[in-house]
Amino acid sequence: MTPARIERRACVETSGWPDHIHPILRRVYSARGANAVAIEHRLATLFAPALLGGIEKASALIDDAIVNDRHIVVVGDFDADGATGTAVAVRGLRLLGARRVDFAVPNRFVHGYGLSARLVDELSPMRPDVIVTVDNGIAAHAGVTRARELGMRVIVTDHHLPGETMPDADAIVNPNVPGDAFPSKALAGVGVMFYLLLATRAHMRRRGAFGSEEPDLSCLLDLVALGTVADVVPLDENNRTLINAGLKRIRSGRACWGIGALLDAAKRDSTRVVASDLAFAVAPRINAAGRLDDMRLGIECLLADDPLRARDLAEKLSAINAARRDLQATMIEQAEHAVSVWLAAHGDELPCGVVLFDDAWHHGIVGLVASRLKDSLRRPVIACAPADDGEVKASGRSIAGFHLRDALAEIDARMPGILRRFGGHAMAAGLSMRRDDLGLLADAFASVAKERIAPEQFDAIVLTDGELDAEYFQLDVAEQIRFGGPWGQAFPEPVFDGEFIVDDCRPMGESHLRLTLRCVGRRAPIEAVMFNARVDKFASRIRAAYSLDINEWNGTRKLRLLLSHIEAV
C-alpha cells in the first residue's frame, strides 16, 4: 500500500459572511458548502414532517391508539441510534397522552436484528395493540406478518435501505423508501421517530386535542442529538440543526438524567459538550450494552427519571464498556496478525475486499474490528464471528465510493442463498450466513469490490483545509472551531497542514508522542501530540496535518496541535 498523502480542499469564495464569523471558520464553512443561514441552525428551517411519506397515516394510527387507550409497544434496535430512538418514542408518546406504552428490544444473541417473528411471539403475552418499530422494520417481513396475524397494528419507522419489497405494515415512515419526497435521506432512526412525534402532535392539534398548552417535544432533542451523532449519518444541514439544538439543551443543564450521568461517568464537562463527546464518550457506553449484554440497560438509563437510578445504570454501562474495550483490542490484534500472515504468504497484495473470521471472536464486536481494519487497510472489510447452529454473523465497513449494502445485494443476486440475511447502509452493513459458505463470501466480496472500486480509491488521502498562519495558533481560535460545529460525518472538523521544525519529540504513555514544534521562519514553540503514533523516529523537519486542540488539565486550558499525519520534508 502506498503511504498516505496530504491534499488540500479546493479554494472557495468566502465573501458575504457576517463579521462575527471568524475568517478561518468562513473558509472552513465555505469549503463544506455551508452558507451563513445554514450555520445559524434555526429549528424553524427544519424540513417539514409532512414531506415524509407515510407520516400522515402513521400519525393517525398513533392518535387513534392514544384516544382509545391502546397498548403501544415500541420495538427498538440494539445500537445507540435504536436506544435513543426508543427512549424518544416512549417519552414522546407519553407526553402526547399515551398511558400504556412499553418497549422491547431484541437481544443480539437470541433474536438477531429487528422485529423478528420470534420476538413478536414473545411479545404476544403483553397483548400489544400497536407495535412501533424504531431504527428497524423495513426488512422485517416475517415479523410484521406475524404481528398482523396476531391482530396487532404495525407502524414501521426506519432509515435503512429497503429491499425489493416492503413489509406489509399498516404504515411505513422511512425517507429512504424509493420515491419518498423528504429532502434529507440522512435522518437517523431517532430522527425519523422524532419527526413522527412532531407529525402526530400536529395531527392531534388539528382535532383540538390540546388546550392552551401543548406538549413541548423539544425536550427530546438531547436524545435526538446523541442518536444522530452515534449512528455516524451524514451531517447535512437538517441533522446539524437537530444536533445543535440537542447540544444546547445539554450545555444548559436540561439533558435527561441518563445523558448527564453518562457524561459524568466519562468525566466530560456537560457545559462544554460537543458532538465528539457524544460520539466518543457517551455513545460507546450505550452501544456496549447491545454488544455484550442487553440494550435494555442503555434504554433504561436514558428513560430514568431518578438521578440516582441513572447514575447506577451509567456506572454499569461504563463497566460493560471497559470490558468491550479489552475484548476489542484483543480481536483487532488477532485480525492484524491474520492480515500479516496473509501478506507473508501472498506478497504485498490484499484482496480489494477483505473478509476476516476467527472462531474465538465475539459477534457483538466484529463491527468495531471491521471499522479499524477498514481504516488501516484502506479497503472494505467484513469481520465474521461464529453464532449458533453453524451460522456466522458478520458486520462490514466500507470506504468512500463503495456502497456496501448494494455490494451485498449484488452477491445475493449472483449467488442466491449464500446470505441468509443482510441489510444496512452505504458505509456499514450486517449479514448472517452458513459457516461453510465463508470461502464463497470471501471470493465474491473480493470480486465485487475489484469490479466497483477504482485503484485510486485505495489511496489514503489526508484532506485538509490548507495552511494556517501561526498568528491563528491561539486558544480563542481553537475555542471558536470547537464550538463552530457540530462536526462529524460529511461535515468534518477542520484539519490544517504546514511545515514545522521538530525541537523535541518524546514518548507519552505506551503509544503516543509529545512534541515541541516551531513554524518554519518563527521562533515561538508550540506543543503538539500525536496519538497511536507508529513512528520510530521523527525527521528534524516535517510536514504535518493537524487540528487545533485544547488541552484541559488540572483546571488549566492550553492550546496544542493534535497531529493526525506526518511526513518528512
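Buried means under 20% relative accessible area, exposed over 50% and partly exposed in between, with a 1.4 Å probe and protein chains only. The model is predicted: local features need pLDDT of at least 70 and side-chain atom pairs count only at pLDDT 80 or more, while totals for chains, interfaces and linings use all residues. Residues are numbered from 1 along each chain as its sequence is written, and side-chain values use heavy atoms, with hydrogens and water left out.

Figure 1. R127 lies in the loop between α4 (117–123) and β4 (130–134); helices (H or I, at least four residues) and strands (E, at least two) are DSSP runs, numbered from the N terminus. Most residues other than glycine have a negative phi.

**Figure 2. Helix α8, residues 237–251.** The end C-alpha atoms of α8 are 21 Å apart, in agreement with the 21 Å that its 15 residues should span at 1.5 Å a residue; the expected span is 1.5 Å times one less than the number of residues. Twelve of the 15 residues are buried, so the helix is mostly covered. Among them are N238, R240, L242, I243, L247 and I250. The buried residues pack against α6 (189–206), α7 (221–230), α9 (257–265) and α10 (275–292). After α8 comes G253, with a positive phi near 80°.

**Figure 3. N244 of α8 and the cis peptide bond at P486.** N244 is buried, with a relative accessible area of 11%. Residues up to four places away in sequence aside, N244 touches H41 and P486, where contact means heavy atoms within 4.5 Å. P486 is in the loop between α16 (475–482) and β13 (496–508). The peptide bond joining G485 and P486 is cis, with omega about 10°.

**Figure 4. The largest nonpolar core, seen around L517.** A nonpolar core is a set of buried Ala, Val, Leu, Ile, Met, Phe, Trp, Tyr and Cys residues joined through side-chain atoms within 4.5 Å. This core has 123 residues, of which F473, L517, L548, L561 and L563 touch the most other members. Its largest share, ten residues, comes from α6. Beyond its neighbours within four places in sequence, L517 is in contact with residues including F500, V502, I526, I542, L561 and L563. A second, separate core of 24 residues includes C384, A407, L441 and F458.

**Figure 5. Cysteines C256 and C352.** The structure holds zero disulfides, a disulfide being a pair of cysteine sulfur atoms within 2.5 Å. For C256, the nearest cysteine sulfur is that of C301, 7.5 Å away. C256 is buried, with a relative accessible area of 11%. The sulfur of C352 is 18 Å from the closest cysteine sulfur, in C384, which is too far for a bond. C352 is also buried, at a relative accessible area of 18%.
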